[in-house]
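Please look through the structure shown here.

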Amino acid sequence: MAAIDGLPPLRAVIAAHGLSARRSLGQNFILDLNLTARIARAAGDLGACDVLEIGPGPGGLTRGLLAEGARRVVAVEKDPRCLPALAEIAAACPGRLEVVAGDALAIDPAALLHPPVRVVANLPYNVGTELLLRWLTPPVWPPFWQSLTLMFQKEVAERIVARPGSKAYGRLSVLAQWRSDARIVMTLPPEAFTPPPKVQSAVVHLVALPAPRHAADAAILGRVVAAGFNQRRKMLRASLRGLAPGIEAILEAAGIDPTARAEEIPIEGFCRLARLLAAGAAHRP
Ligand code: SAM
């Protein structure tokens, strides 16, 4: 690891490469290498894993991942200004860092990764939720990743791990917890970043379950949850009306009070409903 330790401090890297932070790219850098090492450790044992990092920026977390022993890191960065700084890290760790220049929303890096794969990222806030939703809803399960260790605004992190009955419980909570174990492993104040964002941040660690907690068709469950939480103040008999004729009777058959609201329904209840909707659709002419 000595070669990584020999790299210049991140402030010097930023100055040398003119990496003034751009808000349009969600650039809030972490310059404290002790902190990036802690985030890397929160991802679990990296030694036998390929790591996908989105948005390495000047490479603070990338260095942490490599120093903590990641077998290989594939890092996708949209800002071409960061590429020379990342090339210096790659040179210090021959064969262990592959930098992909481009937009993480447009690139599928799966072909570059060898299982087992862990995803670790201080995500750009403007694309973080979209990327998480994609990782949570792949065409087949288990997904390409074994775990996701991701920085979010604290409020988004709380939505991911929220339990039924709480204000934060919503579509993200159901989709995340249906097929993974999700917990907040770290909370960070704005001052941990340069420049500091306006909000607190938190790291969420999600571990993919080998199979969903409860049987359900992913697409139907996705539609039920989207409809239920899009109009979360409405009773389910109203918010889900468009999903199938006779929704009130279907809710009752699923053991759900039609006057309840989506935020009261545990994941198991949504899955029961999705199964009944699938069975009903199969019988409808
Ligand atoms: N990982 C670095 C750190 O922890 O200091 C930087 C994190 S910063 C919050 C987000 C990074 O994501 C920036 O480097 C930004 O250029 C990059 N980024 C923004 N949008 C992106 C996208 N669509 N695809 C890939 N990278 C993106």
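## Basis of the report

This is a predicted model, in which local features need pLDDT of at least 70 and side-chain atom pairs count only at pLDDT 80 or more, while totals for chains, interfaces and linings use all residues. Residues are numbered from 1 along each chain as its sequence is written, and side-chain values use heavy atoms, with hydrogens and water left out.

## Two domains

The chain is assigned domain 1 (2-208) and domain 2 (218-283); such bounds come from an automatic or database domain assignment. Taken over C-alpha atoms, the centres of domain 1 and domain 2 are 34 Å apart. Contact (heavy atoms within 4.5 Å) involves 12 residues of domain 1 and 14 residues of domain 2.

About 1,000 Å² is buried between domain 1 and domain 2, and carbon and sulfur atoms give 72% of that area. Buried area is the accessible area (1.4 Å probe) that two parts lose on being put together, summed over both. Tyr 169, Val 174 and Trp 178 supply 50% of the area that domain 1 buries against domain 2, more than any other three residues. Five residue pairs (both at pLDDT 80 or more) are in polar contact across the interface of domain 1 and domain 2. A polar contact is a pair of N or O atoms within 3.5 Å; within protein, one must be able to donate a hydrogen and the other to accept it, and residues adjacent in sequence count only if both atoms are side-chain atoms. The count of salt bridges between domain 1 and domain 2 is zero.

## Aromatic pairs

A pair of aromatic rings is described by the distance of the centres and the angle of the planes. Rings of Phe, Tyr and Trp (its six-membered ring) pair if their centres lie within 6.5 Å; planes under 30 degrees apart count as stacked, over 60 as edge-to-face and the rest as tilted. Three aromatic pairs are counted by this rule. In one of them, the ring centres of Trp 141 and Trp 145 are 5.7 Å apart and the planes stand at 90°, so the pair is edge-to-face. Trp 141 and Trp 145 are both buried; buried means under 20% relative accessible area, exposed over 50%, and partly exposed in between (1.4 Å probe, protein chains only).

Tyr 169 and Phe 229 also form an edge-to-face pair, because their ring centres are 5.7 Å apart and their planes are at 85°. This pair links distant parts of the chain: Tyr 169 is in the loop between helix 7 (154-161) and helix 8 (171-179), and Phe 229 is in helix 9 (residues 218-230), 60 residues apart. Helices (H or I, at least four residues) and strands (E, at least two) are DSSP runs, numbered from the N terminus. Tyr 169 is buried at 0% relative accessibility, and Phe 229 is buried at 9%. Tyr 169, Phe 229 and Phe 270 are linked by ring pairs into a cluster.

## Salt bridges

There are 12 salt bridges in the structure. A salt bridge is a side-chain nitrogen of Lys or Arg within 4 Å of a carboxyl oxygen of Asp or Glu. One of them joins Arg 71 and Asp 50 at 3.0 Å, N to O. Arg 71 lies in the loop between helix 4 (60-67) and strand 2 (72-77), and Asp 50 lies in strand 1 (residues 50-54), 21 residues apart. Arg 71 is partly exposed at 34%, whereas Asp 50 is buried at 1%. Asp 50, Arg 71, Arg 72 and Glu 98 are linked in a network of salt bridges.

Another salt bridge joins Glu 130 and Arg 134, with the closest N and O atoms 2.9 Å apart. These two are four residues apart in helix 6 (residues 125-136), so about one helical turn separates Glu 130 and Arg 134. Glu 158 and Lys 154 form a salt bridge at 3.5 Å, N to O.

Ser 201 is in strand 7 and is buried, at 0% relative accessible area. Its side chain makes a polar contact of 2.5 Å with that of Tyr 125.

Most peptide bonds are trans. A cis peptide bond joins Pro 115 and Pro 116, with omega about -5°. Another cis peptide bond joins Thr 194 and Pro 195, with omega about -10°. Pro 195 is in the loop between strand 6 (180-188) and strand 7 (201-208).
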